[in-house]
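User: I would like to go through the terms used for this model and see what each one rests on. Please set the values against the definitions.

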Amino acid sequence: MTTDKPLQIAVVGSGPSGCFLAQALNRKRPDDIITVFDQLAAPYGLIRYGVATDHQQTKSITRQFDRLFAKENVKFAGNIEIGADIKIEDLREQFDVVALATGRPNARQLDIPGKDLDGVYTAADLIYSLNSFRGKTDVFSTLGEHIVLVGGGNVALDILRFLIKEHTDYDGSDVNDDALEAYLGAPVKTVTVLNRSSIDEAKSDSAMLRELGSIEGVRFTSNHAPEEDLDEKSAAARRRSAVDSLVDTQTSAPRVEVAFRFSTAPEQFLGQDTLEGIQIHEAETQLRSEIYADSAITAVGFEADDKSPIYKGHEDLMRITEDSGRIEPGFYRTGWLKRGAVGTIPANRACAQGVAKEILADIDENRIHDTAEKSGLDGLRHRLAEEPISFSQWVLANEKELNLADVNRIRKKFVGQRDIIAQATTQN
Amino acid sequence: MNIQILYGTESGNTELLAMDLEEEIADSGDHEVEFADLQEYEVSSLDSSKYYIFACSTHGEGELPYTAQEFYETLVEESPDLSDVYYAMFGLGDRFYEDTYSQGSEVLDKKLSELGATRVGEYGRHDASSLEVTPSDAALEWLPQALAAFSEIGEDVSAAS
Ligand SMILES: Cc1cc2nc3c(=O)[nH]c(=O)nc-3n(C[C@H](O)[C@H](O)[C@H](O)COP(=O)(O)OP(=O)(O)OC[C@H]3O[C@@H](n4cnc5c(N)ncnc54)[C@H](O)[C@@H]3O)c2cc1C
Ligand SMILES: Cc1cc2nc3c(=O)[nH]c(=O)nc-3n(C[C@H](O)[C@H](O)[C@H](O)COP(=O)(O)O)c2cc1C
């Protein structure tokens with residue numbers, strides 16, 4: 001392959017991983033044509049649909065990517081599902097380099113008896129509605145007064161924050177107000193947060209715990225035993241100090257009580273058809289007991305969407321690896337798809353930079369052997385029923401969302417993709 | 001003047017900011033300018049032939065971004081004499097992290113000062129929670145006074161010699 005003519009590069013997925021990869025490649029090879037595909041009409045993956053609605057500073061990383069897509073040679077092709085609208089094989093035929101950054105968007109189910117009872121939900125059931133990915137809001141009015149939250153990571157804390165916040169705590173957010181209203185009509189009275197790990201091994205960031213302290217009317221308790229001999233600067237010590245200060249805060253007549261239970265594992269969801277309680281086991285005391293619950297929400301990780309057509313016959317694409325992102329020269333993976341559903345947005349930049357290095361080396365050292373002429377997106381248009389959503393079309397929908405924002409909201413998101421497509425394709 | 005921009009980043013904001021500063025300075029046509037990632041820059045290259053703009057974010061709990069750690073550790077281990085080095089500092093952070101706000105750049109700043117380098121101009125800051133201003137815009141607004149501070153040193157130095 002001659003490297004002097006611009007290459008056609010396809011990135012599948014416009015979450016942070018796909019965008020960071022496109023950014024790294026564009027900076028080294030500005031003349032190549034990079035097309036970032038997404039099955040959704042809106043770009044940015046879990047930044048838009050996963051990151052909590054009251055963490056706009058985290059979502060603001062998209063401003064970097066807005067600048068990326070403003071470049072002539074970096075294109076967004078939204079509303080195109082690779083594997084369905086276009087087969088991977090066809091994509092590879094028209095692009096010199098194909099990199100998958102399709103993520104792992106499905107909430108993992110907690111695999112214990114009773115997991116299918118009514119009243120057992122996953123974090124995704126709430127988060128994807130609060131983020132207007134889905135329109136379904138009925139779960140919010142049926143959560144009940146006593147909720148058990150299973151999980152000890154930052155996503156569990158996103159859920160906890162949602163459960164205990166009030167109206168005014170959403171100022172400046174882009175929360176789905178239908179979901180919020182449905183919930184705040186009958187909010188929770190007690191939340192028990194079950195964490196299999198000890199407080200010292202929990203996966204949550206202390207800043208996220210400390211943030212809970214700014215919410216009024218909440219009383220916190222925790223079952224962790226004191227420990228003096230920790231390095232003050234360690235994550236464990238900071239986490240302890242954050243939880244201790246939550247517990248120490250005096251709250252008269254609280255609206256909500258939150259009980260952190262560390263080193264406590266849920267063993268069984270109890271009930272006939274509907275959840276009634278949870279059997280738990282405490283590691284320290286080896287005691288089993290039952291706690292009452294109107295509903296349970298699990299936040300125990302994310303996994304690949306294994307039903308997605310892109311993986312059909314290519315199941316090994318879902319295999320997790322810390323090693324190379326190269327599947328073969330010309331074909332790569334990055335981000336959560338490659339590494340598993342762990343790590344924050346910044347970790348995907350480091351990952352994408354590593355994969356970009358591999359791609360650049362394969363190009364420079366002539367390992368991508370395919371002499372056929374590549375036409376990129378143009379070579380695939382005849383296969384598509386509809387034109388992809390371009391970045392400038394998305395900008396129209398984005399501006400509409402910003403303009404529609406109610407007082408105290410940063411934007412009003414369209415629910416799902418249909419209205420985005422309608423806005424994006426309106427001739428004005 | 002000869003200006004070297006050095007950046008430490010983890011999620012890319014500071015890299016983009018460094019590129020924007022470089023473009024702004026280059027476009028003005030008044031100075032020579034280059035930018036480099038701290039993880040690709042040798043501590044031994046720091047000298048008096050250039051003025052330095054450091055831009056650095058904060059990660060973990062008040063820590064340096066991983067791309068700046070090796071540079072920092074080399075400063076600690078080798079303790080070079082930086083008494084003829086002049087620099088300006090721009091720190092990125094997020095007030096969401098109350099206790100550790102903007103500390104990544106401060107760690108670096110403290111070390112540079114300890115080694116004899118002189119910080120000039122205002123300490124620049126960007127707070128990610130102030131959503132209206134992008135990191136690049138904040139840095140571009142800060143830049144003129146940093147350049148002015150550099151040129152004052154230039155005058156002092158030539159006046160002294
Ligand atoms: C609920 C939740 C909250 C989080 N909060 C934070 C936080 O506050 N801060 C933080 O740093 N990190 C947070 N994270 C982690 C962060 O979201 C991930 O690290 C990151 O999104 C992973 O990036 P990715 O690009 O690999 O995947 P994704 O962001 O999931 O992007 C994948 C993209 O690929 C597209 N796609 C998938 N299949 C196809 C296909 N067949 N064809 C075309 N397109 C396809 C998807 O539509 C999507 O846009 C959170 C994660 C979750 C789940
Ligand atoms: C996981 C994580 C931890 C952070 N910790 C801090 C912190 O302790 N103090 C702070 O001021 N900012 C902190 N920040 C905010 C970043 O410094 C801020 O987002 C900055 O703009 C990032 O710049 P970069 O993209 O160049 O790395 C943190 C951000 C993340 C994602």
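Analyst: A salt bridge here is a side-chain nitrogen of Lys or Arg within 4 Å of a carboxyl oxygen of Asp or Glu. By that rule there are four salt bridges across the interface of chain A and chain B. The model is a predicted one.

User: What makes the meeting of Asp20(B) and Arg67(A) a salt bridge?

Analyst: The side chains of Asp20(B) and Arg67(A) come to 2.7 Å, N to O. The cut-off is 4 Å between a nitrogen of Lys or Arg and a carboxyl oxygen of Asp or Glu, so the pair qualifies.

User: How much area do chain A and chain B bury between them, and which residues of chain A lose the most?

Analyst: About 2000 Å² is buried between chain A and chain B, with 49% of it on carbon and sulfur atoms. On the chain A side, Gln57(A), Arg63(A) and Arg349(A) lose the most area, together 30% of what that side buries. The contact takes 20 residues from chain A and 24 residues from chain B.

User: Why are β9(A) and β10(A) called paired?

Analyst: Pairing needs at least two bridges, and five join β9(A) to β10(A), so the two strands pair. They run parallel. One of the bridges links Thr221(A) with Ala259(A) in β10(A). Both strands belong to an open sheet of six, in the order β6-β14-β7-β8-β10-β9 (chain A).

User: What makes β6 and β9 of chain A edge strands?

Analyst: Each of them, β6 (120–122) and β9 (218–222), pairs on one side only. From one strand to the next, the twist of this sheet averages 20°.

User: How do you know that β11(A) and β12(A) pair?

Analyst: Six bridges connect β11(A) and β12(A) in the antiparallel sense; the rule asks for at least two, so they pair. Leu270(A) has Gly277(A) in β12(A) as its bridge partner. The open sheet they belong to has three strands, in the order β11-β12-β13 (chain A).

User: Why is the contact of α6(A) with α8(A) described as seven nonpolar residues, with no polar and no charged ones?

Analyst: Ala123(A), Leu126(A), Ile127(A) and Leu130(A) in α6(A) meet Val155(A), Ile159(A) and Phe162(A) in α8(A). Ala, Leu, Ile, Val and Phe count as nonpolar, so the contact divides into seven nonpolar, no polar and no charged.

User: At what angle do α6(A) and α8(A) pack, and is their crossing left-handed or right-handed?

Analyst: The angle is about 65°, and the axes are 11 Å apart. The crossing of α6(A) and α8(A) is left-handed.

Terms used: Residues are numbered from 1 along each chain as its sequence is written. Chains are lettered from A and ligands numbered from 1 in the order in which they are written. This is a predicted model: local features need pLDDT of at least 70, side-chain atom pairs count only at pLDDT 80 or more; totals for chains, interfaces and linings use all residues. Side-chain values use heavy atoms; hydrogens and water are left out. Helices (H or I, at least four residues) and strands (E, at least two) are DSSP runs, numbered from the N terminus. Axes are lines fitted to C-alpha atoms, for helices over the stretch in contact, and angles run from 0 to 180 degrees between N-to-C directions. A crossing is left-handed if the near helix is turned anticlockwise from the far one by less than a right angle, and right-handed if clockwise. Contact means heavy atoms within 4.5 Å. Buried area is the accessible area (1.4 Å probe) that two parts lose on being put together, summed over both.
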